[in-house]
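Me: I have a structure to go through today. Could we take it step by step?
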Amino acid sequence: AALKDGLRSQVSAALKEGRVTPTELCQRCLALIRSTKFLNAYITVAEETALKQAEESEERYKRGQPLGILDGIPIAVKDNFNTAGIETTCASNMLKGYISPYNATVVQKLLDQGAVLLGKTNLDEFAMGSGSTDGVFGPVRNPWSYSKQYKEKSVPKSHSEDEESNWVITGGSSGGSAAAVSSFTCFAAIGSDTGGSTRNPAAHCGVVGLKPTYGLISRHGLIPLVNSMDVPGILTRCVDDAAVLLGSLAGHDPKDSTTIQDDFKPFELPNLTDVSKLSVGIPKEYHAPGLSSEILALWSKAADLFKNAGAKVVEVSLPHTHYSIVCYHVLCTAEVASNMARFDGLEYGHRSAMKDSTESMYAATRREGFNDVVRGRILSGNYFLLKRNYEKYFVKAQKVRRLIADDFVKVFRSGVDILLTPTTLSDAAPYTEFIQEDNRTRSAQDDILTQAANMAGLPAINVPTALSERGLPVGLQFIGRSFQEKQLLTVAKWFEKQVQFPVIQLEEVKRHDSGVFQHQKSASFS
Amino acid sequence: LAPWIPVVGLEIHAQISSNSKLFSGSQVQFAAPPNSLVSFFDASLPGTLPVLNRRCVEAAVMTGLALNCSINKKSLFDRKHYFYADLPAGYQITQQRVPIAVNGSLSYSLYIDNKMSQMVTKTVRIKQIQLEQDSGKSLHDDARSQTLVDLNRAGVGLMEVVMEPDLCCGEEAAAAVRELQLILQTLGSSQAVMAEGQLRVDANVSVHHPGEPYGVRTEVKNINSIRFLAKAVDYEIQRQIEELENGGTVLNETRAFDSKLGCTVPMRDKEGKQDYRFMPEPNLPPLILYDAKSLPANMNHQQVINIDWIHERLPDLPSVKREKLVEQYGILPEHSFTLLNEDGLAEFFESVVKQTQMKPKKVIGWILNDLLSYLKQHSLTVKESPVSSFLLADLLKLLEKKEISSTAAKRVLAELWKGEGKTPLEIVKEQKLELLQDQKELEQICQAVIDGQQNE
């Protein structure tokens with residue numbers, strides 16, 4: 001089995017049949033993490049506990065009693081999910097060294113099914129950002145920066161200037177998780193998605209990024225950014241794998257009162273061959289300012305793909321789309337101001353040495369613990385929540401949010417099954433270029449295509465589609481109806497098969513997978 | 001000088017009597033070792049979420065029904081933000097927009113004058129009842145310049161009962177709160193013991209001249225007993241009147257009641273008005289309650305609260321109990337108040353009545369005049385009484401059978417108080433208190449006394 005293999009199809013079978021053991025798998029991943037350290041995808045590598053989990057898994061396989069498909073599978077988790085005994089930092093000074101006493105529900109579920117937790121991945125501080133560049137542990141580098149495909153297309157000005165200054169960002173804020181999956185150091189990773197934080201880096205890193213319907217997967221243990229929009233995100237190398245992860249994580253959690261009560265039945269994805277009954281909507285507002293001509297062309301090509309296969313492809317309108325950025329800004333900062341109020345240094349986390357008074361200790365702790373991005377959002381949020389501003393901003397934004405959500409309801413009611421849109425405005429920017437603009441500007445620009453799905457609570461998925469002129473991944477997004485993940489993923493899987501997105505060619509992976517690395521294949525193995 | 005009309009509005013926080021806290025599973029218990037009853041959520045560990053405690057909702061519904069409120073079938077939770085050491089999350093979860101119960105009333109009675117001869121019934125309107133979290137406790141250690149924080153109480157469920165400003169003085173405030181306390185204790189929704197912080201009262205006080213708009217009000221906090229409530233309110237009314245009559249102004253401020261000095265003083269750390277930046281609590285969906293009509297057929301009964309079901313099971317409220325006592329035993333309304341006012345006294349009375357032939361109207365005298373005054377003198381509760389209802393009943397039986405005089409009975413009672421385990425009959429024999437029934441014997445004694453007098 002190769003590190004590139006799909007879960008359900010290859011790895012699981014290989015483990016069951018003993019062709020590879022969980023410890024071997026774990027060790028290979030750990031070795032690859034070590035040799036790809038320059039990507040800075042991981043904040044914490046939990047080597048000891050991972051090997052122990054792998055050993056336990058191996059015992060189960062020996063007894064012929066694996067816990068399921070995920071038993072022995074190496075997984076990475078974004079560092080804003082609580083993991084008992086393993087540091088949870090949110091890439092912030094505020095939580096450096098913080099060891100949580102409990103596991104997030106999604107983490108617990110993974111562990112209960114025998115998954116091997118390799119470590120915690122890097123992100124923008126407290127998940128605020130769209131580049132994974134603004135955490136205290138430094139930026140995450142997109143593995144594609146080191147791919148043969150990218151290097152072939154880039155023209156370095158001088159030899160010394162090549163990899164060091166040319167590397168591109170992963171997108172964010174779940175950049176570490178996306179990079180980890182993209183570079184084969186794990187088979188799947190958990191991210192979070194509040195305005196696009198799973199889909200955006202998935203698009204830039206050429207992996208599948210699923211944002212489930214709000215309320216389907218428990219947020220208990222996910223350190224919140226915006227409680228009313230956050231969801232745990234799933235990053236994998238193929239759509240089938242995303243379905244496997246979804247099946248193991250979805251369902252009511254009594255610890256999270258915003259999860260729905262209905263029973264969730266895990267599903268296997270059918271191999272769709274006939275799309276003639278499918279109606280695909282193309283929202284015209286998603287032809288957003290700044291959308292690269294390359295991606296526009298790709299989007300168009302994808303629409304044609306569906307049309308030629310017999311599907312009904314129609315242009316639709318989501319008229320309130322262009323309000324979503326400001327609406328998101330108000331609601332997001334308001335919730336941030338509220339959620340960050342607990343970080344005062346008293347019970348946990350960083351505490352300033354300032355001792356003059358409780359208040360001065362709070363102020364110093366928060367100034368020292370949070371970066372500018374976080375502090376900026378707290379200030380904005382508090383402004384919007386002031387009594388004199390509440391109606392004007394917060395309530396107004398909630399109303400606009402309702403309008404945005406209603407746009408989707410209307411479109412889906414008109415007979416459209418699924419929406420097809422770009423995920424990002426362009427391919428990944430070089431880091432040096434990306435940091436020219438501040439976080440707020442970047443987030444506002446980059447989130448435009450992904451935010452609305454969070455506002456409306458709808459499921460959405462990025463499917464890697466093709467390489468750009470620069471040799472970097474470009475993905476397209478499907479948005480589905482509430483709780484219709486099966487339909488969403490079925491269509492995504494069909495599309496994935498059509499486009500045959502190329503496998504990343506990384507030196508490091510070649511080295512580790514030598515002997516098994518055979519030939520280029522699409523990410524989806526049929 | 002123009003008369004002043006004092007206006008008093010009370011905000012009462014009653015701790016809900018439940019096993020666990022409002023939004024988490026940690027235990028509710030008084031005086032436990034510091035920080036021993038704190039769940040991850042109570043400590044505001046990042047990533048934890050609130051889960052609503054059903055029992056707390058039921059307690060609030062019961063209380064709302066007992067106070068004649070409309071129960072809102074849909075109510076909402078909000079965050080109220082401020083920074084303080086005893087508020088780990090930096091916000092309190094409360095119900096600011098739509099509380100669980102609104103528009104009720106509380107009837108209470110008080111003596112019309114000092115003679116305690118006649119009672120009058122008054123009503124105060126209840127504006128609303130809302131569910132909210134209690135905060136932890138912070139203790140300031142000035143000697144070591146540190147603050148000690150105990151989060152045991154953080155997250156305990158509270159019912160905040162907001163009254164309209166219908167009260168006019170300390171006596172009314174005390175009587176209203178006393179009645180509320182009895183109601184809560186009867187329902188079991190709160191143990192409402194002020195000394196244990198289970199019932200906290202803040203008083204809003206202002207004064208104005210008739211025909212003029214309401215005056216500026218102050219909020220008085222730190223009131224630890226019903227007796228102090230009356231004192232604090234009356235003091236504040238007086239203070240405001242004096243201030244205004246001397247040409248001064250009343251500041252819209254928060255004042256603390258100093259029980260040692262018997263006055264209110266401005267509170268140190270309240271600087272100006274706080275903007276609490278209220279925001280809906282995004283982790284709790286709206287609270288939906290049902291009644292018999294609106295209850296859907298297939299609903300899982302574990303998941304719903306039926307207001308009508310709770311209504312049907314409400315116990316007799318104090319006002320009803322009093323009426324029953326008056327009707328059943330022919331005692332005065334004032335008596336019924338005193339009986340219910342002392343924990344266990346009504347039961348004691350009824351027990352004695354059952355055991356003797358003496359008319360309840362006579363028994364009540366022994367209960368209220370003799371027993372109760374002994375209890376008060378020795379600061380004992382009815383439960384702690386060295387004289388049980390059986391002993392008293394025995395004594396009253398002797399009295400009823402005319403075996404002893406009432407003077408003798410009082411002497412026996414005094415002896416019983418010593419709690420030496422003697423029965424009334426034993427004491428009577430010991431002290432030779434038997435009533436002589438024999439005419440001839442009595443004549444002889446009288447004659448002896450007269451003779452004795454003559455010899456002097």
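Predicted model: local features only at pLDDT ≥ 70, side-chain atom pairs only at ≥ 80, totals over all residues.

Me: At what angle do α2(B) and α6 of chain B pack, then?
Reply: Helix α2(B) packs against helix α6, residues 333–341 of chain B, at about 60°, and the axes are 11 Å apart. The two helices are therefore oblique to each other.

Me: Is that crossing left-handed or right-handed?
Reply: The crossing of α2(B) and α6(B) is left-handed.

Me: Which residues make the contact?
Reply: From α2(B) come Arg178(B), Glu179(B) and Leu182(B), and from α6(B) come Phe337(B), Leu340(B) and Asn341(B). Sorted by class, the contact of α2(B) with α6(B) has three nonpolar, one polar and two charged residues.

Me: And how does α2 of chain B sit against α3 of that chain?
Reply: Helix α2 covers residues 170–187 of chain B and helix α3 covers residues 226–245 of chain B; their axes come within 8 Å and cross at roughly 150°. Angles over 145 degrees count as roughly antiparallel, so α2(B) is roughly antiparallel to α3(B). The crossing in which α2(B) passes α3(B) is right-handed.

Me: Which residues of α2(B) and α3(B) make that contact?
Reply: On α2(B) they are Gly170(B), Glu171(B), Ala173(B), Ala174(B), Val177(B), Arg178(B) and Gln181(B), while α3(B) supplies Ile226(B), Leu229(B), Ala230(B), Val233(B) and Asp234(B). Seven of the residues in this contact of α2(B) with α3(B) are nonpolar, two are polar and three are charged. Arg178(B) takes part here, and Arg178(B) also belongs to the contact with α6(B).

Me: Switching to chain A: how far apart are the axes of α2 and α3 there?
Reply: The axes of α2 (residues 22–35) and α3 (residues 47–62) of chain A are 7 Å apart, and the helices pack at an angle of about 155°. Helices α2(A) and α3(A) are therefore roughly antiparallel to each other. Their crossing is right-handed.

Me: What residues are involved on each side?
Reply: Helix α2(A) contributes Pro22(A), Thr23(A), Cys26(A), Gln27(A), Leu30(A) and Arg34(A). Helix α3(A) contributes Glu47(A), Ala50(A), Leu51(A), Ala54(A), Glu55(A), Ser57(A), Glu58(A) and Tyr61(A). By class, the contact of α2(A) with α3(A) has seven nonpolar, three polar and four charged residues.

Me: What does UniProt place on chain A?
Reply: An unreviewed UniProt entry places the feature "domain: Amidase" at residues 34–147 and 169–489 of chain A. Residues 34–147 are 23% helix and 13% strand, with end C-alpha atoms 18 Å apart. Residues 169–489 are 42% helix and 14% strand, and there the end C-alpha atoms are 27 Å apart.

Me: Where does Pro139(A) lie, and what does it touch?
Reply: Pro139(A) lies in the loop between β3 (116–121) and α5 (148–153) of chain A. Leaving out residues up to four places away in sequence, Pro139(A) touches Leu39(A), Asn40(A), Asn122(A), Ser132(A), Thr133(A), Trp167(A) and Tyr431(A). Pro139(A) and Leu39(A) are 100 residues apart in sequence, yet their C-alpha atoms are 8.5 Å apart in space.

Me: Which residues does the cis peptide bond join?
Reply: The cis peptide bond joins Gly172(A) and Ser173(A), with omega about 10°. Ser173(A) lies in the loop between α6 (163–166) and α7 (175–182) of chain A.

Me: What about the phi of Gln500(A)?
Reply: Gln500(A) has a positive phi of about 50°, although it is not a glycine. Gln500(A) is in the loop between α18 (485–499) and α19 (507–512) of chain A.

Me: Finally, what are the scores of the model?
Reply: The model scores ipTM 0.93 and pTM 0.92. Chain A averages a pLDDT of 92, with 93% of the residues scoring at least 70. Over residues 514–526 of chain A the pLDDT is below 50, and this stretch has 23 contacts in the model beyond near neighbours in sequence. For chain B the mean pLDDT is 92, and 98% of its residues reach 70 or more.

Technical notes:
Residues numbered from 1 in each chain as written. Chains lettered and ligands numbered in written order. Heavy atoms only, no water. Axes fitted to C-alpha atoms, helices over the stretch in contact; angles between N-to-C directions. Helix = DSSP H or I, 4+ residues; strand = E, 2+ residues; numbered from the N terminus. Parallel < 35°, antiparallel > 145°, perpendicular 65-115°, else oblique. Left-handed = near helix turned anticlockwise from the far one by under 90°. Contact = heavy atoms within 4.5 Å. Nonpolar A, V, L, I, M, F, W, Y, C, P; charged D, E, K, R; others polar. UniProt positions renumbered as here; feature names shortened; annotations may be inferred. pLDDT = per-residue confidence, 0-100.
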